[in-house]
Amino acid sequence: NMYLAASFRDSIFHRVLNTPLQKRRTYFYSDLGFILLADLIKQQSGLPLDKFMQQTFFDPMELATMTFNPLDKFEPTQIVPSQNDTLWRRQVVRGFVNDPAAAMLGGVSGHAGLFSNALDLAKLMVMFEQGGSYGGIQFVNPYTLREFTRVQFAGNQNRRGLGFDKPSIVESQPSPASKSASSLSFGHSGFTGTFAWVDPVENLVFVFLSNRTYPYTSNRKINTLDVRRSIQEAIYNALRYSESGNQPVTNNLNS
């Protein structure tokens, strides 16, 4: 029961376009480029981002739970809450995007707003792991995928790809990936604690769903306890243990 004038969307894009660039070419975490990306996709495809994704990826890959604005398809009881927002929305956020900017854009944006269960997210990551192919269909050009998942600015000691995170390239630099992740691995860690990572060297896909922001975003135990990297490292240890012949361990980690 909260509403915003449709014209405010233009104000958001005006603010993004008029944000000054940094004078020094140093890395700065920002969502602004991905907010613009959603409009670029609409201009090129003629479809808003949610409908473009539905037709191009979700339906052909049979990703039944992957969607923007899941309350249009599912009951609230099927969706975990993400936050008790006492500052802005002043209610429990459930089934609507946690990110305020994406919320003001109607729940559909290039930087936030996508919902999924673990299996469907794993399918999407398997498609990336298989060079953009899934179910006999080539969804993404392999060259494009390699370009987006490689380190772009190694000379600046910036580990990140294009939209994807990467393992550390400097020993003292932190990374969401475990120390055993290969240099070809890539993935993403979200604000709510969700983590999805692909390691093509090990044929490994790791998906970790979380709503660590519920009830409050101040809860950072998932980071201080290093939960996600510890689980990922345990998987690599299991793979090494299996390869040593000590004990059979299933290698069907994609599922």
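Which strand holds Val207? Val207 sits in β9, a strand that spans residues 204-208.

## About the model

This is a predicted model, in which local features need pLDDT of at least 70, side-chain atom pairs count only at pLDDT 80 or more, and totals for chains, interfaces and linings use all residues. Residues are numbered from 1 along each chain as its sequence is written, and side-chain values use heavy atoms, with hydrogens and water left out.

Helices (H or I, at least four residues) and strands (E, at least two) are DSSP runs, numbered from the N terminus.

Leaving out residues up to four places away in sequence, Val207 touches Ala118, Leu121, Ala122, Met125, Phe195 and Ala196; contact here means heavy atoms within 4.5 Å. Phe128 is 79 residues from Val207 along the chain, and their C-alpha atoms are separated by 13 Å.

Asp199 belongs to strand β8, residues 195-199. Asp199 is buried and has no salt bridge, with the nearest side chain of opposite charge, Lys166, 8.5 Å away. Buried means under 20% relative accessible area, exposed over 50%, and partly exposed in between (1.4 Å probe, protein chains only). For charge, Lys and Arg count as positive and Asp and Glu as negative, while His and the chain ends are not counted. A salt bridge is a side-chain nitrogen of Lys or Arg within 4 Å of a carboxyl oxygen of Asp or Glu. The Asp199 side chain does reach the backbone nitrogen of Val201, at 3.1 Å. Apart from neighbours within four places in sequence, the contacts of Asp199 are Ala181, Ser182, Ser185, Leu204 and Tyr236.

## Ser175 in its loop

Ser175 lies in the loop that runs between α6 (142-148) and β7 (186-189). Ser175 counts as buried because its relative accessibility is 8%.

Two polar contacts involve the Ser175 side chain. A polar contact is a pair of N or O atoms within 3.5 Å; within protein, one must be able to donate a hydrogen and the other to accept it, and residues adjacent in sequence count only if both atoms are side-chain atoms. The side chain of Ser175 reaches the backbone nitrogen of Ala177 at 3.1 Å, and one of its polar atoms lies 3.2 Å from the backbone oxygen of Lys166. Not counting residues up to four places away in sequence, Ser175 touches Arg159, Lys166, Pro167, Ser168 and Arg229.

## Salt bridges

How many salt bridges are there? The count comes to 8. One of them pairs Asp85 with Arg89, the closest N and O atoms being 3.3 Å apart, and both residues are buried.

Arg229 and Asp226 also meet in a salt bridge, at 3.0 Å from N to O. Arg229 is partly exposed because its relative accessible area is 31%, and Asp226 is partly exposed at 28%. Glu233 and Arg240 form another salt bridge, at 3.3 Å. In that pair Glu233 counts as buried, at 13% relative accessibility, whereas Arg240 counts as partly exposed, at 40%.

## Helix α8

Asn237 is found in helix α8, residues 227-243. Asn237 is partly exposed, so described because its relative accessible area is 38%.
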